[in-house]
Amino acid sequence: MYKQSKNPYLFLIKSIKKVHQNASLTVEGKLAIYKKILTSLESELKVYKFYRHPAFNNNWYVKDSINNNSIIESKLNLKNPWHLFLDNFKKIMNSSLLTKETKDKNLAIELSWFYNTLRVEDWIINNPKRKN
């Protein structure tokens, strides 16, 4: 796994990618590691906050002029690619209808989708405003 970052979603995705690219692991081994990664990060993923919309990030919006609570949230937002990846990852892992090979293939598709999605960084709060 990667070194723990401030963004648990980034840590989750990089860890899944690293495991997925490991050719020496079997499909069953990969799925077991995926579950272990998810359970270890579950509490952090629930409380991590993103911008409600990428337009609110520091590059596009002056944060001083509005209330911080109106632009930042931690609840599920399926327009957010980070949340969408996590939601689909959980659905794939918890599905009883998919075979292990199909789960692995679907996770590869999700990873590919996420890494090819434009501007995923715009949702991340890089420089939270410090209290003086």
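**Entry 1: a cut-off to begin with.** I note the angle classes before anything else: under 35 degrees counts as roughly parallel, over 145 as roughly antiparallel, 65 to 115 as roughly perpendicular, and the rest as oblique. I also remind myself that this is a predicted model.

**Entry 2: H1 against H4.** I looked up this pair and found that the axes of H1 and H4 cross at roughly 130° and come within 11 Å. H1 and H4 are therefore oblique to each other. I wrote down the hand of the crossing of H1 and H4 as left-handed. On the H1 side the residues that meet H4 are Ile 13, Lys 14, Ile 16, Lys 17 and His 20. Their partners in H4 are Asp 104, Ala 108, Leu 111, Phe 114 and Tyr 115.

**Entry 3: H2 against H4.** Next I took the pair H2 and H4, whose axes are 9 Å apart and which pack at an angle of about 60°. That makes H2 oblique to H4. Here I noted a left-handed crossing of H2 and H4. H2 brings Val 27, Glu 28, Lys 30, Leu 31 and Tyr 34 to this meeting, and H4 brings Lys 100, Glu 101, Lys 103, Asp 104 and Leu 107.

**Entry 4: the layout.** I stepped back and counted four helices and two strands in the protein. Along the sequence I read the pattern α-α-β-β-α-α. Of the 132 residues, 37% are buried. I then checked the contacts between residues at least 6 apart in sequence, and 65% of them join residues at least 24 apart.

**Entry 5: helix H3.** How far apart are the end C-alpha atoms of H3? I find 20 Å, which agrees with the 20 Å that 14 residues (81–94) should span at 1.5 Å a residue. At the start of H3, I see a side-chain oxygen of Asn 80 reaching to within 2.8 Å of the backbone nitrogen of Trp 82. Ten of the 14 residues of H3 are buried, so H3 is largely enclosed by the rest of the structure. The buried residues of H3 include Pro 81, Trp 82, Phe 85, Leu 86, Phe 89, Ile 92 and Met 93. I also find Asp 87 and Asn 88 among the buried residues of H3. The cover over these buried residues includes helices H1 (8–20), H2 (27–47) and H4 (100–116), along with strand E1 (50–51).

**Entry 6: His 83.** Is His 83 buried or exposed? At 2% relative accessibility, His 83 counts as buried. I find His 83 in helix H3. Leaving out residues up to four places away in sequence, I list its contacts as Tyr 9, Phe 50, Ser 74, Lys 75, Leu 76 and Asn 77.

**Entry 7: Ser 40.** My last stop was Ser 40, which has its place in helix H2. At 41% relative accessibility, Ser 40 counts as partly exposed. A polar atom of the Ser 40 side chain lies 2.8 Å from the backbone oxygen of Ile 37. I also checked Ser 40 against Leu 12: 28 residues separate them in sequence, and their C-alpha atoms are 9.6 Å apart in space.

Key
Residues are numbered from 1 along each chain as its sequence is written. This is a predicted model: local features need pLDDT of at least 70, side-chain atom pairs count only at pLDDT 80 or more; totals for chains, interfaces and linings use all residues. Side-chain values use heavy atoms; hydrogens and water are left out. The expected span of a helix is 1.5 Å times one less than its number of residues. Buried means under 20% relative accessible area, exposed over 50%, partly exposed in between (1.4 Å probe, protein chains only). Contact means heavy atoms within 4.5 Å. A polar contact is a pair of N or O atoms within 3.5 Å; within protein, one must be able to donate a hydrogen and the other to accept it, and residues adjacent in sequence count only if both atoms are side-chain atoms. Axes are lines fitted to C-alpha atoms, for helices over the stretch in contact, and angles run from 0 to 180 degrees between N-to-C directions. A crossing is left-handed if the near helix is turned anticlockwise from the far one by less than a right angle, and right-handed if clockwise.
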